[in-house]
Amino acid sequence: MNQHPDFILNKINGPQDLKKLNLDQMKKLAQEIRTLILEKDAVEGGHLGPDLGIVETTIAYHYVFDAPKDKIVWDVSHQTYPHKMLTGRALAWLDPDHYEDVTPYTNPDESPYDYYAVGHTSTSVALATGMAKARDLIDGHENIMALIGDGSMTGGLAFEGLNNAAIEKHNLVVVVNDNEWSIDENVGGMVTALKKLRDSNGQSPENPFKVMGFDYRYVAEGNDIEKMIAAFQDVKDVDHPILLHIHTLKGKGYKPAIDDEEAHHWVLPFDLKTDKTTVPATSGPTAKSVVIDQVIKHIKNGEKIITINAAIPAVFGLDEIKNEYPDHYTDVGIAEQESVAFAAGAVKEGAVPILFENSTFLQRAFDQLSHDVAANDLPVVMMVANGGISNGSKTHLGIFDQVMISNLPNWIYLAPTTLNEEKAMLDWAIKQRKHPVAIKMPIKPVPEGEEVEADFDQIKYQIKKGKKVAILALGDFYGLGQEVADEIGATLVNPVSANILDKKALDQLAADHELVVTLEDNSLDGGFGQKVASYSGSKVKVLNYGQRREYTDQTPLEKIYRDNHLTKEQITSDIKKVLAK
């Protein structure tokens, strides 16, 4: 049911309707958009601060330019809720019954006003530069624009894109949306350069964009619709590359988001009256807290630990280390390649780097995982979060970490089934100085378990004996394996590692059982199960369970499980059918 039938937004079916509004109506529209963002995020969760800050810029863009002929590439696209509302998708905010109608990032399958499925930083300038080059080749004349945040400017691809954008022969506009924040506080030399430009109203002689060859322009009040309309009118149809630097306020219109930018970059469902999340807090130790506690223990012990992350300390609970042990903490900005190379450099000088990486962002650092760390066999320690099947956007799936890490030489990828096992793996990884070690942090609730004292130099499977069927349940799926094993009286195996096989144990399992089953909370192709099948398949029948190689997009988790036969009932049924043959 439409909660706001009197809103101007109800009459906006596309940018052509927006162009009919006067300035006062557009200001009212901006207020409506902020109201709707807050209402929907309070119910569903989602990105908040970035969307609240970009409202006036979005209205001005669609007022001046002629989308979808004129094209804008939104970097990350986590700030495109206003854009979606103005391009025919407002019902997904006006009516709670339609909250699920749109995805949280730009999506070409959803609208002709979206050009890419984009969910990671620093790509917009490179994408727009390729579009401009192709437009020139076919003698087109549309405006091409990339909008990139100052936080995204810390990523290497942003600089690669700017390097080529600066020599574009015709129209190309790069808008730097400078709100003085990344996900967390901004870091690095680009922060200094942008501050000098802001403080001088764009007049500082230390202007990296002018040095590169851009026609540089500055708008101090990026949240002023009238000023943004004028700025966009000035750059429309200009026949050379321009960098338009605008200063905006992240979280505008919602004081808690202004007062605490990091906590309101992305939010869980919350109470609008109190700003408190409505999601119940977990009690007791967690996969995150166990890791942080152990790292602090090693730091207090005088060990030369460096914790490293790429702009997402809250994902891992790193704020305690950041605040209490700043010499042992480095945030490289949104630059996963830099984080891994930085860790490789730190190892060479005798430190023990512990990388904190999100599975869905890890592919951005694949070259460094392979070339700088694996090829040099450097003992980097890496904690991997959110590595598992999820209902997220296709740009934010966490099912490929095993495929990337497990298939590189020298990397050891460990997968704990309890919190104490996770702790033991981390302690061992810090102590050993032979190979790079990654640890797959549990994302499902796992038990604390018994204290573990283990040497993972040799991977030894932990086996609870049953009959006929051996179930190898990796990491997070150990609980699922337990349910299936209990149902059919099967042997249950904790394989400990996602990529190093206990071949002696596998030989014995093949000799003692009619069927081997593997379960993994990850992509099947290139994963753990295929390694087991490749080794044991000539000795015993092997069934592999995981997610097939595909991009799901906001697909309910229950549906993904059903489609991939990942429920206890489906797995036990499959097993019984095989045994009956």
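Let's start with the sheet. Five strands form an open sheet, and their order is β14-β16-β15-β17-β18. The pairing is mixed. Keep in mind that this is a predicted model.

Which strands stand at the edges? They are β14, residues 462–464, and β18, residues 541–547. Each has a single partner strand, so one side of each is left without a neighbour in the sheet. From one strand to the next, the twist averages 20°.

Strand β15 covers residues 469–473, and strand β16 covers residues 491–494. The two run parallel, joined by three bridges. For example, Leu472 has Val493 in β16 as its bridge partner.

Helices lie across this sheet. Helix α21, residues 503–512, lies across β14, β15 and β16. Its direction is about 150° to β15. Helix α24, residues 568–580, lies across β15, β17 and β18. That helix runs at about 150° to β17, which spans residues 515–523.

Next, helix packing. Two packed helices are described by the angle between their axes and the distance between the axes.

Take α7 and α8. Helix α7 is residues 124–137, and helix α8 is residues 156–165. Their axes come within 7 Å and cross at roughly 30°. Angles under 35 degrees count as roughly parallel, and α7 and α8 are therefore roughly parallel to each other. The crossing is left-handed. Who touches whom? On the α7 side, we have Val125, Ala126 and Thr129. They meet Leu157, Gly161, Leu162, Asn164 and Ala165 in α8. By class, that contact has five nonpolar residues, three polar and no charged ones.

From α13, the contact uses Ala287, Val290, Val291, Gln294, Val295 and His298. From α19, the residues are Leu419, Glu422, Lys423, Leu426, Asp427 and Ile430. What is the class breakdown for α13 with α19? Seven nonpolar, two polar and three charged residues.

Last topic, aromatics. With ring centres within 6.5 Å as the cut-off, the count comes to 10 aromatic pairs. One of them is Tyr61 with Phe232, an edge-to-face pair. The centres are 6.0 Å apart, with 85° between the planes. This pair links distant parts of the chain. Tyr61 sits in helix α4, residues 55–64, and Phe232 in helix α11, residues 225–235.

Terms used:
Residues are numbered from 1 along each chain as its sequence is written. This is a predicted model: local features need pLDDT of at least 70, side-chain atom pairs count only at pLDDT 80 or more; totals for chains, interfaces and linings use all residues. Side-chain values use heavy atoms; hydrogens and water are left out. Axes are lines fitted to C-alpha atoms, for helices over the stretch in contact, and angles run from 0 to 180 degrees between N-to-C directions. Helices (H or I, at least four residues) and strands (E, at least two) are DSSP runs, numbered from the N terminus. Angles under 35 degrees count as roughly parallel, over 145 as roughly antiparallel, 65 to 115 as roughly perpendicular and the rest as oblique. A crossing is left-handed if the near helix is turned anticlockwise from the far one by less than a right angle, and right-handed if clockwise. Contact means heavy atoms within 4.5 Å. Ala, Val, Leu, Ile, Met, Phe, Trp, Tyr, Cys and Pro count as nonpolar, Asp, Glu, Lys and Arg as charged, and the others, Gly among them, as polar. Two strands pair if DSSP finds at least two bridges between them. Rings of Phe, Tyr and Trp (its six-membered ring) pair if their centres lie within 6.5 Å; planes under 30 degrees apart count as stacked, over 60 as edge-to-face and the rest as tilted.
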